[in-house]
Amino acid sequence: MEAVGRNAPCPCGSGMRYKQCCGSLAAKGGNPPETDVDGAPLLDVAATKEAAMAFLENGRLAEAERLFRKMLAHVPQDFDALHMLGVIAAKSGWPREALRLILEATGVAGDYPPLFDNLGRALLIAAKKSGGIDKALCPDLIGLDTPLRLSINELPGLLDPLPLVSIVIPCYNHERYVVEAIRSVYAQTYPHIEILIIDDGSKDRTVEMINGVLGESPFPVRLIVRENKGAHATLNEGIDLARGAYIGILNSDDRYSSDRVDGLVRLLATTGKEWGFSGVKFTDAEGAYIQNGQDAYVDILKGSLDGLHSGNSITIGFAHFNYAISTGNLFFSKALWTRLGGFLDYRYVHDWDFCLRALGYESPAILDEPSYDYRLHGENTIGEASGRPWLETVEMLVTWGRNNIEAHQGTGLRHHLIACARDCAFLTAGHGHLVNQQHLIELAESLLGKMAPDAA
């Protein structure tokens, strides 16, 4: 056999130069590739895998795929080749092939958590192509947990005595917006309201601005000024002091429409539900409504809210998107807040967590009209940098799935929905290994059997 030049393509088929592949192994004292009866080099699997992984890490999917398939031809049940080819298929938009390959790898590997994370990601991609995660996780429940949505015009009036509603307004450094927020409560058409305002240690003129409009209130109003304790603690403090049967929250940079409280009281009284929320409008810093196409982030939020119209499970939907959008859009009985133990200690997702735990008791009622104005002004807490909101979201979803589901276990539909939503939360957060492995495999096999071949 002729000597291979150092700069020539490596005869093992890795796609690398000989000096960077098998030649490098020989220089380090490793064994050169074996040869067949004709003296041709056999595939060096280790070197080929190393080269393929390098291509994959650099986003060169076609070259990585070629080498992994060469490995698979040499060792038909090679776990790394099957697994990585499945990952490449998912990245390339071939969800059926991704499921097939990763499922085959599960039969080789046994218990390997990253494999099940990737199986979960492939399942999510395949489910989206096949009509949604609802159908993939619990097709038997589609249509049985659809959102209960009503327009204010469909709701009957209320009979006396009217229930007292407590509006809790937590404030922090919102001197530009707080007066407009408070006045939107003053303008409510519902007559039986009390207002509790807590300033959470503002360092600007927020308290001064609040004091300037307290005398305008048509309702009983109380202001508490204290040091900073954080959003969840401020909410819980205000709700604990509230005397109302129902609780509304208003973030001090947002605002209500004038018929919001009337509509939500009638909604819960009519449906017998203990919690709900309304549609949302988005405004800029000056309070002007943001129209479609004017803001990419708002367009994403509006697209996600379309899930409320899908007719699918709202419980599962809530596992991967907060349809309420904001704490200030929540409206609930004080009895439910007590039962849930209040808001938990999350900086960014205490509202989302509250909704998920409330779903353990019942699905919400939704007022179709957009009676909550959510203001985007560049200083919203959720917009903070460094990825911390996303990290907290993952922590919240996993904690909810592990620790909070069991507290609400029951029988029948609600228990099954929560179990499915828990698995959806794990998959959406990229933690497929936390789903029961056999269940995950069964889901993937079932979906694989229903899918059409990937488009070329």
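I take buried as under 20% relative accessible area, exposed as over 50%, and partly exposed as in between, with a 1.4 Å probe and protein chains only.

The model is predicted, and I kept local features at pLDDT of at least 70 and side-chain atom pairs at pLDDT 80 or more, while totals for chains, interfaces and linings use all residues. Residues are numbered from 1 along each chain as its sequence is written, and side-chain values use heavy atoms, without hydrogens and water.

**Salt bridges.** I searched the whole structure and found 20 salt bridges, each a side-chain nitrogen of Lys or Arg within 4 Å of a carboxyl oxygen of Asp or Glu.

I looked up Glu63 and read 28% relative accessibility, which counts as partly exposed. Its partner is Arg60, with the closest N and O atoms 2.6 Å apart. Arg60 is also partly exposed, at 40%.

I then looked up Asp80, which forms a salt bridge with Lys49 at 2.8 Å between the closest N and O atoms. This pair links distant parts of the chain, with Asp80 in helix 4 and Lys49 in helix 2 (residues 45-57), 31 residues apart. I take helices (H or I, at least four residues) and strands (E, at least two) as DSSP runs, numbered from the N terminus. Asp80 has a relative accessible area of 27% and is partly exposed; Lys49, at 31%, is partly exposed.

Arg226 and Glu237 meet in a salt bridge at 2.7 Å, N to O. Arg226 is in strand 4 (residues 221-226) and Glu237 in helix 10 (residues 231-241), so the pair ties together parts 11 residues apart in sequence. Arg226 is buried at 12%, whereas Glu237 is partly exposed at 22%.

I also noted a network of salt bridges linking Glu65, Arg69, Glu97, Arg100 and Glu104.

**Core.** I define a nonpolar core as buried Ala, Val, Leu, Ile, Met, Phe, Trp, Tyr and Cys residues joined through side-chain atoms within 4.5 Å. The largest one has 128 residues, and Phe68 is among the five that touch the most other members. Helix 4 (residues 79-91) gives the largest share of this core, nine residues.

I listed the contacts of Phe68 (heavy atoms within 4.5 Å). Leaving out residues up to four places away in sequence, they include Met53, Leu56, Met84 and Ile88, and also Asp80.

**Helix 5.** I checked which residues of helix 5 are buried, and these include Glu97, Leu99, Ile102 and Thr106. The buried residues of helix 5 pack against helix 3 (61-74), helix 4, helix 6 (113-129) and helix 18 (437-450).
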